[in-house]
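Please view the sequence and the structure together before reading on.

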Amino acid sequence: MSNILEIRDLRIAFRLDRKSEPFEAVKGISFDIPTNSTVALVGESGSGKSVSAMSILGLLPDNAIIPAASTIRYGGRDLLKTTMRDLQSIRGKDISVIFQEPMTSLNPVFTVGEQIAEVLRLHMGMSPRAAAARTVELLTEVGIPNPALRVNSYPHEMSGGQQQRVMIAMAIACEPKLLIADEPTTALDVTIQKQILDLIAKLQASHHMSVLFITHDLGVVGDIADTVVVMQSGEIREQGPVKEIFEDPQHPYTKALLACRPRLDRRPVRLPVIDDFMRGDGHPHHLEERKRGTSPSDPVILEVKGLNKVFSLKEGLFGKRLVPAVKDVSFSLPKGKTLGLVGESGSGKTTVGLTLMRLHDATSGEVLFEGKDLLRLSEREMMAYRRRIQIIFQNPYASLNPRMTVGQILVEPMKIHSIGKDERDRVDMAFQLLKRVGLSEQSFYKYPHEFSGGQRQRIAIARCLTMKPDVLICDESVSALDVSVQAQVLNLLQDLQDEYGLSYIFISHDLAVVKYISDRVMVMSEGALVEMADSDEIYRHPREEYTRKLLSSIPKGYELAPQPS
Amino acid sequence: MSAVLTHPPAPPAQESPGLWTLAWRRLRQDTVGMVSLAVVAFFLAMMLASFTGLIAKDWARERGVSYANPSFLAGNENLEAKAMAGKQAAKAPPVDLSDIDPLAPRYKEWEERAAKIAVTETKRAETLPFGGDKWGRDVILKTIKGSEVSIFVGLSGALLAVVIGTFLGAMAGYWGGKVNDVLEWFYNVFTSIPYILLILAFAAVAQATGKFGKGILSIVLILSLTGWTGIYRLIRAEYIKHSNREYVKAAQAIGATNLSRMFHHILPNVSHVSLVQLSQYTVGFIKAEVILSFLGFGVPVDQVSWGTMLAEAQNELVIGKWWQLFAAGASMAVLVTAFSLLTDSLRDALDPKLK
Amino acid sequence: MTAYVIRRLWQMIPTIFGVILLVFFLFNWVGGDPAMVLAGKISNKEQIENIRHQLGIDQSYVYQLWVFVKQVFTFDFGRSWSTNEEVSHILLTRVGPTLTIMVPCLIIETALAVGLAIGVAYVRGTLTDRMTMMICTVAMSISFLVYIIFFQWLFGFILGWFPVQGWSESFWRNLFYYAPLPIMLAIFVGLAPELRLYRSFILDEVNQDYVRTARAKGVAEKKVMMKHVLRNALIPILTNLGILLPGIFVGSFLLEVFFSIPGLGREIITAVNRSDFPVIKAVTVYLAVFTMIINLAVDVLYKVVDPRVSFK
Amino acid sequence: MKKLRLFAILAATLIALSPAHGAAEKKVLRMAFRAIETGFDPQRIDDRYSVGICENLFEGLLTYDYLARPVKLVPLVAEAIPEPEEDGSRYTFRIKPGILFADDPAFKGVKRELTARDFEYSIKRFRDPKNRSPYGWLFENKIVGLDELVERAKKIGRFDYDWKVEGLEVRDRYTISFKLKSPDYNFLYVLAMPNVVPVAREVIEAYGADTHAHPVGTGPFVLKEWVRASKIVLERNPNHRGYELDTRYADMTDEWDRHVVEALRGKRLPLLDRVEIYPIESEQPRFLAFFNKEHDIIDETPFAFLNQVVSPDGTLLPRLAKQGIHIFREEQPEITYIAFNTGPKAEGRDNPVGGYTPDRVALRRAMAMSYDVESEIAVIRKGQALPAQTPVPPGIVGYDPTFHSDAQAHDVPRAKALLDMFGYVDRDGDGWRDQPDGSPLTVELKYQANGEEYRQLAELWVKGLSEIGIRSEAQAVIFSDLLKDKKVSNYVVAQSAWIADYPDAQNFLQLLYGPNTGESNEAEFKLPEYDRLYEKSLTVPDGEERNRLYREMDRLMLAYAPWRLGVHRIYNHLQYPWVLGYKKHPILYTNFKWLDIDVAAQKAAMK
């Protein structure tokens with residue numbers, strides 16, 4: 001088996017400003033992409049995986065520096081040293097790319113047909129008519145329904161999955177020898193992700209091309225990759241055939257990556273974290289199983305009845321269009337337990353969370369907290385309950401006020417709710433909480449931008465804890481985090497529940513995470529409740545078709561994937 | 001949480017940099033920005049020194065002959081000064097008013113007192129360092145004094161416009177609904193009238209009635225009352241964006257009041273927009289003052305601004321007296337250039353994503 | 001689409017009413033008393049009252065407002081107080097010269113600004129780019145007044161290339177003989193800020209993901225710029241043109257004063273000095289309405305350049 | 001590239017074809033007005049530019065001789081200047097028969113002759129409230145029966161032009177007799193005003209509100225084209241009978257008169273085929289237009305450019321003289337002054353400068369002495385003005401060139417001494433003088449906004465007061481409000497000016513006549529002795545006796561200082577050598593009727 005691309009000693013640095021030293025993002029990596037095979041480049045954010053891939057086609061920003069010693073050999077040429085004109089004839093023809101965000105990666109002002117035809121006319125020298133015809137064929141091939149009509153659609157008129165299909169059609173238009181797929185499914189819902197992965201796998205086989213698949217999620221790799229390259233901090237930790245990587249990982253980092261992610265088939269008391277592997281003996285601890293589930297006799301702390309939320313949009317001359325976001329949702333949260341709320345984007349799960357905290361006004365329904373309907377309380381009466389239900393948001397970069405120090409962030413809610421005798425007391429409590437969530441005391445004086453994503457999520461958790469809440473709503477709170485960090489934050493949440501008896505409403509699109517942390521799971525779709533059951537129950541015996549579809553879309557990792565014959 | 005910490009740990013020796021500090025660090029890296037800042041600071045210092053009377057206090061003194069040449073052009077012919085010199089026709093004896101003058105009884109006392117009051121006639125210089133104006137006043141001192149009004153008008157007008165715009169923008173963006181509708185209506189009304197026309201209309205009215213105060217204050221009011229709309233729009237957009245940000249939702253979740261969310265949480269996060277606007281508007285208003293002065297609105301007669309200097313100088317170029325035009329035009333250009341470059345640098349420093 | 005336009009027109013009504021109120025407030029409430037100017041050198045109270053009565057300014061404010069509203073909607077502002085010329089006639093005859101200056105100016109300026117902006121954006125970060133931007137900043141910093149005084153002196157007096165004043169009834173003679181210097185000055189002043197603005201629009205687009213896609217497709221850099229980037233940058237450029245467009249009716253007032261061009265801007269200055277309120281009021285209200293219509297037209301035009309816009 | 005060249009050729013062709021190059025051998029005069037015209041309905045205007053155009057379109061009963069100095073009345077459409085009848089209260093005119101109006105559609109193709117009825121109608125128009133005539137005051141309380149017509153109009157709501165007015169007696173087709181309420185020896189001057197001219201009733205009624213744009217008269221020119229505020233084009237009136245230069249009053253020792261007589265001798269006037277007038281308000285372009293030979297003459301060369309034109313001694317610079325350019329220096333029949341409010345109240349408050357007690361008189365006199373009029377003349381007016389000694393300007397009947405006073409001479413020590421004497425000293429130690437009763441004194445000047453010249457004058461005034469220790473403020477006010485404020489004594493001190501309506505001192509001295517308070521007497525000056533003298537002067541014909549009365553009034557004005565006298569301006573008018581027959585008249589604003597153009601020289605120079 002020959003190699004289509006050989007990367008040797010690739011080093012990439014970025015010049016940030018004139019005065020400081022260039023920042024080295026990739027530190028001398030080497031790997032090959034064999035003909036007609038799929039190579040997965042796996043790594044967490046900041047590992048240099050995307051940068052490495054982009055360097056192949058010279059798509060790096062202007063401030064990138066690549067030393068002369070680095071080479072990327074393709075068909076007898078070094079792509080790093082070839083002329084721009086040469087490179088342009090390779091781009092899109094021999095090597096093509098699909099990106100993470102299909103929405104922004106497509107040009108919004110041209111129809112998808114025009115954009116696909118452009119590449120055909122550019123590289124294949126097709127006439128406009130021939131290109132148009134071929135475009136329809138391509139769209140058919142990537143599974144766009146009614147392609148003859150959709151050619152004339154603009155990108156914004158398509159769904160995210162369809163947009164990604166268009167990107168793929170564009171990428172395969174000239175029968176490339178190598179397709180670089182840069183996190184092509186990260187921005188998509190789990191069901192769509194599955195379809196796109198299948199499509200890429202199918203096209204790889206039918207077009208006899210190689211694929212360089214870049215992802216942070218080891219889970220999706222098992223399904224499609226032949227070879228896996230694991231990167232961390234700009235270096236390759238381990239590379240090898242997919243089977244070896246999954247079954248017999250050598251490097252502790254690889255092991256950790258495999259173990260950190262919650263799995264559908266196991267539920268350890270605490271998730272293994274990366275440090276367990278890196279520092280320890282290479283074997284995960286805490287593997288004893290945790291029991292989950294609820295019983296009817298559990299005391300209920302929060303009960304939601306017939307919750308409705310309708311947004312109204314202005315339309316027409318005087319018209320308003322009513323968009324229901326939550327339709328008649330009822331559930332109850334047992335004290336000290338976790339209720340998982342799963343659904344794809346647009347399912348209304350986040351709206352439920354915001355509405356029952358009164359961050360949105362509900363259209364109708366009741367939210368009974370200790371028997372009191374929170375939705376009927378006046379603003380003043382609500383104050384007393386505010387602190388008892390708290391929320392942790394998805395984006396750790398946006399949920400902390402960037403102009404306040406961590407200390408100010410932590411002390412403010414205590415001041416508002418008159419917790420603590422005096423300022424001194426509050427400061428003391430803030431320090432304790434920082435320690436509790438695993439941050440140094442010096443953090444008190446720092447600003448949010450000095451922390452990593454996981455640390456910020458810890459600060460957000462600490463902020464909630466200052467008010468000693470009873471219920472904590474976690475709105476996609478770990479979704480934006482790397483797997484290794486995700487595990488740490490999940491463990492922290494679990495520890496806090498064990499320690500303080502908190503009740504959680506855990507909102508997420510990630511079924512594996514929900515399965516791991518929840519006692520009871522509620523599935524939502526298009527604003528309505530689809531199914532609700534104890535977590536093990538719902539995963540083992542889904543009753544609704546929608547739930548089954550969701551579950552089947554979860555990347556299973558290597559072992560559950562169909563073995564290559 | 002039972003463990004009681006007796007002493008909270010001391011803050012670290014090196015203070016943690018806030019966003020403002022970081023922005024300042026970025027600005028310091030920017031050579032153009034720092035040079036501009038220095039120039040702006042120089043002009044501000046000059047303005048303050050002139051305001052407090054440290055320099056250019058007696059700018060109005062007529063030191064030289066009319067249109068005195070600049071020292072470096074000492075040899076040039078000065079027709080204007082010549083025209084003034086030595087013109088006094090012989091006069092017939094004055095008419096006697098003593099028979100009807102109500103002051104006639106005290107004529108004698110008047111003469112005596114008048115004789116005691118000495119007059120000092122100063123010799124007028126033929127040349128001044130950078131020339132003189134038509135009254136023979138030093139153009140350099142006049143330019144310095146002129147900077148006082150121009151910069152004051154620019155800065156305070158911009159400040160007021162930014163305050164109005166920021167406040168209204170915050171209200172509309174944060175509250176939405178009816179408040180937003182009313183303010184948007186205001187905004188639409190103000191922006192549907194072409195800006196120049198709006199200024200002229202306000203200026204005409206301000207001038208006619210004095211209802212916007214006198215002199216410089218009226219210019220400041222005219223400029224800010226017509227100029228707030230741009231800032232309003234920006235701040236409103238920022239507030240709409242930030243109101244939906246999670247940190248604001250989080251603040252609401254912890255029970256922070258609306259006022260606290262608007263001004264304690266959001267305002268510091270959009271204030272850099274206001275700051276950049278402040279700097280941009282100052283530039284715009286310094287330029288606008290010139291036009292208004294040219295049209296004859298505003299600056300009182302016993303004060304001088306770059307605008308009144310340019311208005312005065314508009315006919316001087318043709319008669320070869322270019323220095324007043326140059327002095328006022330160039331000082332303004334230098335300050336405005338520095339201010340504009342500083343604005344760019346500030347924007348880059350405050351919002352590194354924008355490049 | 002029709003529904004959208006109708007809704008937008010409907011929404012204009014409160015704004016128009018606001019403009020009417022503002023104008024009324026400014027001129028009828030706080031404005032000066034024009035009767036004195038019209039009364040002549042020697043006049044008594046009775047004559048002044050006669051004039052006030054004829055102008056209707058002795059009536060109650062409510063009645064005056066009602067008259068004003070009627071004038072706006074019947075397009076009949078009556079006659080200029082000082083020259084007795086019909087206001088509609090003033091507007092119609094003064095617009096021509098102003099547009100003769102401003103339309104070519106806007107076209108040339110936009111073409112130049114967009115072209116140069118693409119140029120400097122293409123070489124972004126280089127010395128050429130930085131120098132161009134620096135020159136723009138300096139050029140923007142010099143007062144318009146200085147430009148006019150200096151160039152009128154230079155071209156009209158020292159070099160004698162252009163006439164310094166005048167206007168004829170021949171459009172072509174105006175355009176090629178009287179207008180070039182004012183147009184050139186207006187472009188000179190307007191170009192720098194627009195070039196800066198358009199460059200930033202283009203750079204915003206250059207950093208978008210779809211540009212990377214286009215490059216990844218193998219599209220040559222120049223074509224990326226001229227096709228993908230420019231087409232997207234047209235959207236904010238169009239917005240900016242929408243902002244500039246209403247200005248073409250009064251934007252040239254300084255030029256008109258200096259070059260004695262009988263345009264709308266100069267008319268307004270004259271009207272302000274003569275307290276000729278019907279003229280100022282009419283110009284203000286109609287320009288406001290026109291501005292709103294331009295804004296609507298721009299929004300509709302968006303549909304052409306930006307398929308994402310929908311008229312819901 | 002090819003396209004571009006084509007475009008250039010096209011452009012060049014268009015320029016070549018444009019009309020200015022096509023004007024063959026026509027005599028065309030081009031010039032600028034320094035302000036924008038109003039319109040050309042003679043009874044509805046008072047600005048000198050519009051009136052100046054009307055001089056050429058209309059003809060009154062009387063006019064002034066072109067060359068005579070001092071000015072002299074001569075008949076125009078009247079056969080002769082009538083003798084005053086009934087002690088100067090009746091004047092009877094006979095109109096030359098056969099004088100035709102210019103053709104106009106309103107006459108429906110018929111030649112229209114000028115008759116006495118046209119005068120009757122036109123005089124009535126001055127008082128029609130609908131016309132808001134700015135010169136209505138000329139005929140107010142003047143002609144027997146006319147005020148009653150106005151009263152009647154108020155009652156019946158309509159101004160009845162057919163109502164018979166006793167004082168406007170049309171005796172036959174060509175005879176009109178004016179009967180005045182009281183004797184007025186200056187009435188003939190009124191009839192010589194370029195506004196007091198006949199218009200045809202059918203024209204006025206045909207054009208309704210558009211009469212400004214349709215001036216139809218019997219003058220030597222017609223309005224050919226009018227682009228408001230931009231271009232006024234006059235062309236020769238083919239219906240005009242023509243005339244010759246009257247050389248009776250020419251002073252052949254005067255160079256200008258000699259030139260005029262030589263240029264026009266034996267020629268049938270008018271000679272110009274076309275006059276193009278461009279209103280240009282900015283000084284630089286107006287000056288440059290003349291300099292670039294876009295214009296043939298420039299009236300009233302802007303002061304700012306004066307030193308480009310004349311040397312300090314008032315002669316033309318050699319550079320210009322070589323080109324054959326002529327300069328005409330004209331002392332204007334006008335006066336500028338700073339009015340003090342002598343009334344008890346200013347803007348509803350106590351007026352610190354009003355009253356006739358010695359201390360207030362002293363204050364006004366001191367302020368008058370603080371003002372440096374010589375600086376005004378030298379710097380602001382570039383020497384182009386004479387310091388006024390009395391309210392009466394030169395060129396006006398009653399002007400006394402020998403009258404000279406030092407009562408208002410710039411004299412800081414004397415001014416300070418006077419203030420000290422009457423208790424205007426600094427009492428609160430703020431560096432400014434206070435009133436004798438200890439209250440602070442601030443003198444507010446109102447000056448006209450939107451003019452660099454007014455601003456500089458105000459600057460000079462404030463500077464003068466601060467030199468003698470009086471605190472002052474200056475407020476810019478737009479023209480209309482300044483007029484209003486002065487009329488209703490909403491001011492303390494204000495800039496003012498007056499230009500002759502007719503060349504008699506009375507036109508100026510009435511500005512201080514007590515009963516004129518609220519009209520033209522802005523200073524609210526009410527001195528019984530002055531009023532007595534003024535009333536007496538009205539009943540005396542021009543002569544030594546009247547001049548003595550005028551002199552007494554001048555002295556009273558200086559003693560009580562209701563004004564700080566300003567200047568009489570001097571204007572410099574320039575002409576290229578191809579403009580022939582030029583002489584500036586002090587009352588008439590234009591002289592197109594007497595001008596000729598050397599077309600060959602004009603064309604040669606423009607090459």
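In chain A, 6 strands form an open sheet with mixed pairing, in the order E17-E18-E19-E14-E20-E21. Helices (H or I, at least four residues) and strands (E, at least two) are DSSP runs, numbered from the N terminus. Two strands count as paired if DSSP finds at least two bridges between them. Strands of a sheet pair through backbone hydrogen bonds, either parallel or antiparallel. At the edges of this sheet stand strand E17 (389-392) and E21 of chain A, each of which pairs on one side only. On average, neighbouring strands of the sheet are turned by 15° against each other, direction ignored. Such angles run from 0 to 180 degrees between N-to-C directions, and the axes are lines fitted to C-alpha atoms, for helices over the stretch in contact.

The model is predicted: local features need pLDDT of at least 70, side-chain atom pairs count only at pLDDT 80 or more, and totals for chains, interfaces and linings use all residues. Residues are numbered from 1 along each chain as its sequence is written, while chains are lettered from A and ligands numbered from 1 in the order in which they are written.

Strand E20 (residues 520-525) and strand E21 (residues 528-534) of chain A pair in the antiparallel sense over 6 bridges. Within this pairing, A:Met532 in E21(A) is the bridge partner of A:Met522, and A:Ser525 stands opposite A:Ala528. The hairpin of E20(A) and E21(A) has 2 residues between the strands, and A:Glu526 takes a positive phi near 50° there.

| Helix of chain A | Strands of chain A concerned | Direction |
|---|---|---|
| H13 (residues 349-356) | lies across E14 (338-342), E17, E18 (471-475), E19 (503-508) and E20 | about 145° to E19(A) |
| H21 (residues 545-552) | touches E20 and E21 | about 100° to E20(A) |

The next topic is contact between chains. Two residues are in contact if their C-beta atoms, placed from the backbone, lie within 7 Å. Of the 5 pairs of chains that touch, chains C and D have the most contacts between them. No contact joins chain A and chain D, and their closest C-alpha atoms lie 29 Å apart.

The contact between chains A and B takes 34 residues from chain A and 25 residues from chain B. On the side of chain B, the elements that give two or more residues are helix H1 (19-29), helix H9 (246-253) and helix H10 (258-294). H9(B) provides the largest share of that side, 6 residues. By class, the side of chain B that touches chain A has 15 nonpolar, 7 polar and 3 charged residues. Here Ala, Val, Leu, Ile, Met, Phe, Trp, Tyr, Cys and Pro count as nonpolar, Asp, Glu, Lys and Arg as charged, and the others, Gly among them, as polar.

A:Val109 lies in the loop between helix H3 (102-105) and helix H4 (112-124) of chain A. Leaving aside neighbours within four places in sequence, A:Val109 is in contact with C:Arg231, C:Asn232, C:Val305, C:Asp306 and C:Pro307. Is A:Val109 buried or partly exposed? A:Val109 is partly exposed, because 19 other C-beta atoms lie within 10 Å. A residue is buried with 20 or more other C-beta atoms within 10 Å of its own, exposed with 12 or fewer, and partly exposed in between, with C-beta atoms placed from the backbone.

Helix H8 (residues 283-291) of chain D has 9 of its 9 residues buried, so this helix is largely enclosed by the rest of the structure. Among the buried residues of H8(D) are D:Phe287, D:Leu288 and D:Phe290. Their cover includes helix H7 (144-158) and helix H12 (253-259) of chain C, together with strand E1 (28-33), strand E10 (297-298) and strand E20 (567-575) of chain D. After H8(D) comes D:Lys293, whose phi is positive, near 60°.

Chain C has 14 helices and 0 strands. The C-alpha trace of chain C spans about 85 × 60 × 35 Å along its principal axes. Of the 312 residues of chain C, 49% count as buried. Among the contacts in chain C with a separation of 6 or more, 71% are between residues 24 or more positions apart.
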